[in-house]
Amino acid sequence: MGNLFCCVQVCQSTVAIKERFGRFEDVLEPGCHCLPWFLGSQLAGHLSLRLQQLDVRCETKTKDNVFVNVVASIQYRALAEKASDAFYKLTDTRKQIQAYVFDVIRASVPKLNLDDVFEQKTEIAKAVEEELEKAMSAYGYEIAQTLIVDIEPDVHVKRAMNEINAAARMRVAANEKAEAEKILQIKRAEGEAESKYLSGLGIARQRQAIVDGLRDSVLGFSVNVPGTTAKDVMDMVLVTQYFDTMKEIGAASKSSAVFIPHGPGAVRDVATQIREGLLQAAHQ
């Protein structure tokens with residue numbers, strides 16, 4: 001009906017290309033326009049000015065001979081002031097952009113190792129954007145943004161990378177565990193050494209106290225009982241302690257049978273052995 005009354009409507013964010021007898025005449029802005037078809041005017045087509053996105057998947061290999069799929073997202077729009085160039089100069093805009101993306105990526109990625117590709121994807125995106133901006137501006141298009149949204153190595157390479165990372169983490173964990181066990185053993189050894197040292201001090205003080213007590217007993221007994229020698233007092237004290245010890249052994253609930261020599265000679269031998277042992281400890 002619009003063509004019958006020579007009227008056409010152009011929607012918002014869109015421009016229309018007007019031709020007259022097959023030749024470009026004007027760019028129609030959004031709104032209603034008169035198009036006298038009987039004078040040879042016709043509408044060649046519409047051109048969207050909206051921001052468009054094209055995802056390009058490019059397979060290439062890195063410097064260390066690993067094949068990867070690089071996915072680039074290109075955001076572009078047609079320029080209103082160059083609408084005629086954007087409409088007439090390119091047959092397939094998306095294929096043209098894809099070709100430039102392939103060219104830049106396959107020229108940039110082979111110069112980098114796989115790890116560097118992940119680290120320098122911003123630089124790769126910038127190189128793609130600069131090349132597209134330089135090429136597509138001549139055709140009436142503006143490159144708004146270029147993003148490298150994904151880098152996909154081969155499945156086997158990805159599995160190998162995960163195994164390398166896992167092995168490295170396990171190695172670090174093993175080192176930390178070994179260091180912890182080493183510290184525990186050192187602290188345990190230090191504790192045992194300190195314990196033995198303190199135990200030795202306690203035994204030495206105990207023996208010293210016994211020797212001091214026996215000496216005081218011998219001296220006190222010699223003073224109070226005239227005519228007795230230190231040896232007589234010492235023998236009596238040792239024998240008394242010997243029998244006290246046997247009494248304690250016999251009174252213990254879990255003690256078994258103990259065979260001891262009996263008789264004055266045996267008691268004298270026991271007293272002599274105990275005295276010599278104490279004197280030797282005191283001398284040391």
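Predicted model: local features only at pLDDT ≥ 70, side-chain atom pairs only at ≥ 80, totals over all residues.
**Entry 1: the core**

I started with the largest nonpolar core, which has 34 residues; Ile 74, Ile 97, Val 101, Ile 105, Leu 132 and Tyr 141 have the most contacts inside it. For my own record, a nonpolar core here is a set of buried Ala, Val, Leu, Ile, Met, Phe, Trp, Tyr and Cys residues joined through side-chain atoms within 4.5 Å. Buried means under 20% relative accessible area, exposed over 50%, and partly exposed in between, with a 1.4 Å probe and protein chains only.

Next I looked up which elements give two or more residues to this core: strand 2 (14–20), strand 6 (52–61), strand 7 (67–78), helix 1 (83–88), helix 2 (93–108), helix 3 (114–119), helix 4 (121–136) and strand 8 (141–153). Strand 7 gives the largest share, six residues. Helices (H or I, at least four residues) and strands (E, at least two) are DSSP runs, numbered from the N terminus. The core takes at least three residues from each of domain 1 (7–48) and domain 2 (52–153); these bounds come from an automatic or database domain assignment.

I also noted another core lying apart from it, with five residues, among them Val 8, Ala 16, Leu 28 and Leu 35.

Residues are numbered from 1 along each chain as its sequence is written, and side-chain values use heavy atoms, with hydrogens and water left out.

I traced an open sheet of three strands in the order 6-7-8, with antiparallel pairing. Strand 6 and strand 8 are at the edges with a single partner strand each, so one side of each has no neighbour in the sheet. Two strands pair if DSSP finds at least two bridges between them.

I then went through the pairs. Strand 6 and strand 7 are joined by ten bridges, and Lys 61 has Phe 67 in strand 7 as its bridge partner. These two strands form a hairpin with five residues between them, and Asn 65 in the turn has a positive phi of about 60°. Strand 7 and strand 8 pair over eleven bridges. I checked Val 71 on both sides: Arg 57 stands opposite Val 71, and Asp 150 in strand 8 is the bridge partner of Val 71.

For the helices, I found helix 2 lying across strand 6, strand 7 and strand 8, at about 35° to strand 6. Helix 4 lies across strand 7 and strand 8, at about 145° to strand 8. Axes are lines fitted to C-alpha atoms, for helices over the stretch in contact, and angles run from 0 to 180 degrees between N-to-C directions.

**Entry 2: two residues up close**

Is Ser 73 buried or exposed? I got buried, with a relative accessible area of 4%. Ser 73 sits in strand 7, and its side chain makes a polar contact with the side chain of Gln 53 at 3.1 Å. A polar contact is a pair of N or O atoms within 3.5 Å; within protein, one must be able to donate a hydrogen and the other to accept it, and residues adjacent in sequence count only if both atoms are side-chain atoms.

Gly 45, in strand 5 (residues 41–48), is buried too, at 15% relative accessible area. Leaving aside neighbours within four places in sequence, I found Gly 45 in contact (heavy atoms within 4.5 Å) with Val 15, Ala 16, Ile 17 and Phe 87.
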